[in-house]
Amino acid sequence: MKTTVNHRSLGGIMRPYRVANVLRENETTHTLLFDGRLPEAQPGQFVMAWLPEIGEKPFSIHANIPLALTICDVGPVSNAMVNLQVHDRLWLRGPLGNGFELKGSKHLLVGGGYGAAPLSFLAEEALRQEGEVVACLGAKTKADLILVDRLTSLGCELRVATEDGSEGSQGLVTEVAQEAIDAFQPDCLYACGPTGMLLALADFCQQRGLPAQLSFEALMRCGVGLCGSCELPEELCQRLGLPGGWLVCHDGPVAMIG
Ligand SMILES: Cc1cc2nc3c(=O)[nH]c(=O)nc-3n(C[C@H](O)[C@H](O)[C@H](O)COP(=O)(O)OP(=O)(O)OC[C@H]3O[C@@H](n4cnc5c(N)ncnc54)[C@H](O)[C@@H]3O)c2cc1C
Ligand code: FES
């Protein structure tokens, strides 16, 4: 599924989209559905979203037919985006970066917080190829969880962890994911979420010899490998076996481990 699109050329083209619908995922997170789609988008890729006089930030592609983004309100750009109404306009460039690459037929998906955003696109693609999908979702509380209903309705087996125990197992999603690895014996693990969660999963997968595809976040400016602001710290590259100077926007966001 790795993209063959020349994303450097597409990365420069900004296209206008209008909001066609808004789904409220929880108090701070909304999914915006747009009046179009991106050319050849793959699960795991992202777009740079721009609002005039506010700014431009990266967001994962949640779905592409129609194009959808799931936005958590954490600062100026995301706040303006969750406040967009039907018919409002924003500008997007992408798809950017690499995508997840489906391996084998048993897929374990792990999402922490709004990191779950790209996983329903991936689950849809895996199920379309007649794969089996187990999805583990984690959040601080039940109210912070997103995409539980969507992943269940797609046909994924769902395992949930909340830090306060208000839904699913009490604890971290990494614990639930480790149990799922033992029970489900997946061919590959795909994860998106906070760096600490990704590193814990990387260690566990490396110990088990399980291939992992981990989607990293970083501060981005250009989104196309020119400015260097999204370089993964050297110690993380070494720990994950990635080459030094690994750029999240250009070499990732998905790091292939093992
Ligand atoms: C490839 C990629 C995909 C993403 N997908 C999504 C998505 O689907 N949905 C979504 O809601 N967000 C996503 N993000 C995160 C989103 O781009 C950031 O949260 C962005 O900074 C929001 O912009 P803002 O102007 O609203 O807030 P900002 O003012 O930029 O940030 C608000 C707060 O978050 C902190 N922060 C921002 N980025 C990071 C970071 N990388 N690491 C640690 N702290 C950070 C800032 O320091 C600040 O305290 C993604 C990021 C990347 C790189
Ligand atoms: S954001 Fe500029 S190099 Fe990645």
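I started with ligand 1 and found 23 residues around it, the closest being S60, G75, V77, S78 and A117. For this I took a residue as near when its C-beta atom, placed from the backbone, lies within 6 Å of the molecule. A note to keep in view: this is a predicted model, where local features need pLDDT of at least 70, side-chain atom pairs count only at pLDDT 80 or more, and totals for chains, interfaces and linings use all residues. Residues are numbered from 1 along each chain as its sequence is written, while chains are lettered from A and ligands numbered from 1 in the order in which they are written.

Next I looked up which elements build the shell. β4 (55-60), β6 (67-72) and α2 (76-82) each supply at least two residues, and β4 gives the most, with five. Helices (H or I, at least four residues) and strands (E, at least two) are DSSP runs, numbered from the N terminus.

By class, I noted 15 nonpolar, six polar and two charged residues in this shell. Here Ala, Val, Leu, Ile, Met, Phe, Trp, Tyr, Cys and Pro count as nonpolar, Asp, Glu, Lys and Arg as charged, and the others, Gly among them, as polar.

Then I turned to the domains. The assignment, automatic or from a database, gives domain 1 (7-96) and domain 2 (106-215). Their C-alpha centres lie 23 Å apart. The contact (C-beta atoms, placed from the backbone, within 7 Å) takes 13 residues from domain 1 and eleven from domain 2. On the domain 1 side, β5 (63-64) and β6 each supply at least two residues.

Notes:
Two residues are in contact if their C-beta atoms, placed from the backbone, lie within 7 Å.
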